Amino acid sequence: MSIRTLLSLFLCVGLASALQAQSKAPDLVLQGKVAGTQNQTYFEVPFEVPAGIHRISVDFSYTGKENKTTLDLGIADPERFRGNSGGNKSHFTIGESDATPSYLPGPIPPGKWKLLISVPNIRAHEEATYRAEVRFNDPLEDQSFTTAALETGVRWYRGDLHMHTAHSDGSCASQTGKRVPCPVFLSAQAAIERGLDFIALSDHNTTSQYDAMRELQPYFDRLLLIPAREMTTFWGHFNIFGVTQFIDYRAVGRGGRDVNQMVREARAMGGIASINHADAPSGEVCMGCGWTPPTDVDMSLFTGVEVINGGSGFLSSADFWDRTLGKGLQLTALGGSDSHNASARAGEPGAIGWPETVVEAKELSVPAILDGIRHGRVFIDLTGSHNRVIDLDARDTTQAAEGEWTPMGQTLQAASGDRLSFRIHTIACAHATAHFFLDGRESAAFPPLSIGTGTEPLSFSWSSDGASHWIRAEVRDANGSLMLVSNPIYIRPATR
């Protein structure tokens, strides 16, 4: 079985485990009967919510619809009314920062909650049964605004992992041309116009955007909305993805709360963290924009690095990335527009979708996209294309029985003197040139290769010196402009 096949199986198993969160047994089942004598009445179904709950999810069903029985649904907590969806929703979730439309987000107080059931119609001689499944702290609802993948099938999914809206410092022109806070809807609409499959709305230190995202996700059923936020500290910015619960951004260090705690909390909730614009200038020009954290930060807790930032036109943090890889860490290179204006047109600094982060995933869901990033199945597209691809794989050809191909993002073990064969796969890159980087630098051992039609694989060989290395590729056009950036294949020592 090839390593690529094993990787796909691993991704599939990990994804299946995440998706089982929705189908786990409910924490409570509330059920009962409704008689014809209850026509046009109201009744309550109480249930207890324990302490420590941050989200309640309810699935509601009933019989008798074929005979015109109608039951409408609402809910109240011990202190106040929390919403009513009538008969238009059979599922809802209420979290601290977001809720299904019809319902109010906010703290989940312990104590006696009540389902509020209305009976607009039931015929005199009919009897119906209802069933409400209640789940507390559903991990999938915490991580995503949809419980089903928007698309299935392995492919490269294109997205933008860094942008801002009215919920932090995103602004755009109003109908009369005034500069105003920019609504979440415009970011999603711009992403669709650019042909993206996913976006992460990473407003600074806040979770308020999640309620709008929960509302918009059913409408944007071809665009995955990934919960994110930019944790903005005095010494650096980093995004967390796949987490809706609040994480305190006030890292002080020196015996107090530190960044390691912040990232560990995100990981414990199923999320990942990625450092933003690490090589940006910092200080009064941009508070904490450069990455200058305390020396006790555990970089192994992070999953990615924003290597290309489009917010000011073009900012590369490839030097920081290479320095980090040189310490033996395997952080995935990502891109982000850092858009602060959803109406910026393609080609303008900070336009949504420039650059694109392209992730190979089993499906279009938050767990699948995050798994693709964790495994380094990612490249950055600076052309705003809908179809350009770069991918790498390698194998050890020293032995009589050649090794399996190791995909981009993964590790190949090689002893000193082993002959390694590399392949680069490109799509829609005709007449461009592939450049190769050994430990962050172009090397005479890896001369550039011309790409002909743009679809044929290119290959080269290299003899390992038995040390640790990382090898990645870039595609540049005829003018030398950067088009695509791959993630590396990691070479680690092996003994024979």
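The buried residues of helix H7 are Val-366, Pro-367, Ala-368, Ile-369, Leu-370, Asp-371, Gly-372 and Ile-373. The model in view is a predicted one. Just past the end of H7 comes Gly-376. The phi of Gly-376 is positive, at about 70°.

Now step back to the whole chain. It holds 7 helices and 31 strands. Its radius of gyration is 26 Å. The globule rule gives 23 Å for 496 residues, and the two values are close, so the chain is as compact as a globular protein of that length. Along the principal axes, the C-alpha atoms fill a box of roughly 85 × 55 × 50 Å.

How much of the chain is buried? Of the 496 residues, 55% are. The accessible surface comes to about 20500 Å². Carbon and sulfur atoms account for 52% of that surface. Contacts tell of the fold in another way. Take those between residues at least 6 apart in sequence: 72% of them join residues at least 24 apart.

Next, the strands. Strands of a sheet pair through backbone hydrogen bonds, in either a parallel or an antiparallel way. The partner of E22 can be followed in detail. Strand E21 covers residues 389-396 and pairs with E22 over 2 bridges, in the antiparallel sense. Within E21 and E22, Ala-394 and Thr-406 stand opposite each other.

E7 runs through residues 111-121. Strand E2, residues 42-49, pairs with E7 over 8 bridges, and the sense is antiparallel. Strand E4, residues 70-76, also pairs with E7 in the antiparallel sense, over 6 bridges. Ile-117 is the bridge partner of Phe-43. Ile-117 also has Leu-73 standing opposite.

The loops come next. Most residues other than glycine have a negative phi, and most peptide bonds are trans. Several places in this chain depart from that. Start in the loop between strand E18, residues 332-336, and strand E19, residues 356-363, where Pro-355 is found. A cis peptide bond joins Trp-354 to Pro-355, with omega at about -5°. Asp-338 lies in the loop between E18 and E19 as well. Asp-338 is not a glycine, yet its phi is positive, about 50°. Is Asp-338 buried or exposed? Its relative accessible area is 12%, so Asp-338 is buried, the limit being under 20%.

Asp-439 is in the loop between strand E25, residues 433-438, and strand E26, residues 441-442. Its phi is near 55°, again in a residue other than glycine. Asp-439 has 22% relative accessibility, so it counts as partly exposed.

Ala-415 is found in the loop between strand E23, residues 411-414, and strand E24, residues 419-427. At 8% relative accessibility, Ala-415 counts as buried. How far is Ala-415 from Asp-197? The two are 218 residues apart in sequence, and 41 Å separates them in space, C-alpha to C-alpha.

The other alanine is Ala-445, in the loop between E26 and strand E27, residues 449-450. Ala-445 has 37% relative accessibility, so it counts as partly exposed. Along the chain, Ala-445 and Tyr-157 are 288 residues apart. Their C-alpha atoms are separated by 33 Å.

Note on methods. Residues are numbered from 1 along each chain as its sequence is written. This is a predicted model: local features need pLDDT of at least 70, side-chain atom pairs count only at pLDDT 80 or more; totals for chains, interfaces and linings use all residues. Side-chain values use heavy atoms; hydrogens and water are left out. Two strands pair if DSSP finds at least two bridges between them. Helices (H or I, at least four residues) and strands (E, at least two) are DSSP runs, numbered from the N terminus. The radius of gyration is taken over C-alpha atoms; the globule rule is 2.2 Å times the number of residues to the power 0.38. Buried means under 20% relative accessible area, exposed over 50%, partly exposed in between (1.4 Å probe, protein chains only). Contact means heavy atoms within 4.5 Å. Accessible areas come from the Shrake-Rupley method with a 1.4 Å probe; for residues, only the protein chains shown count as cover.
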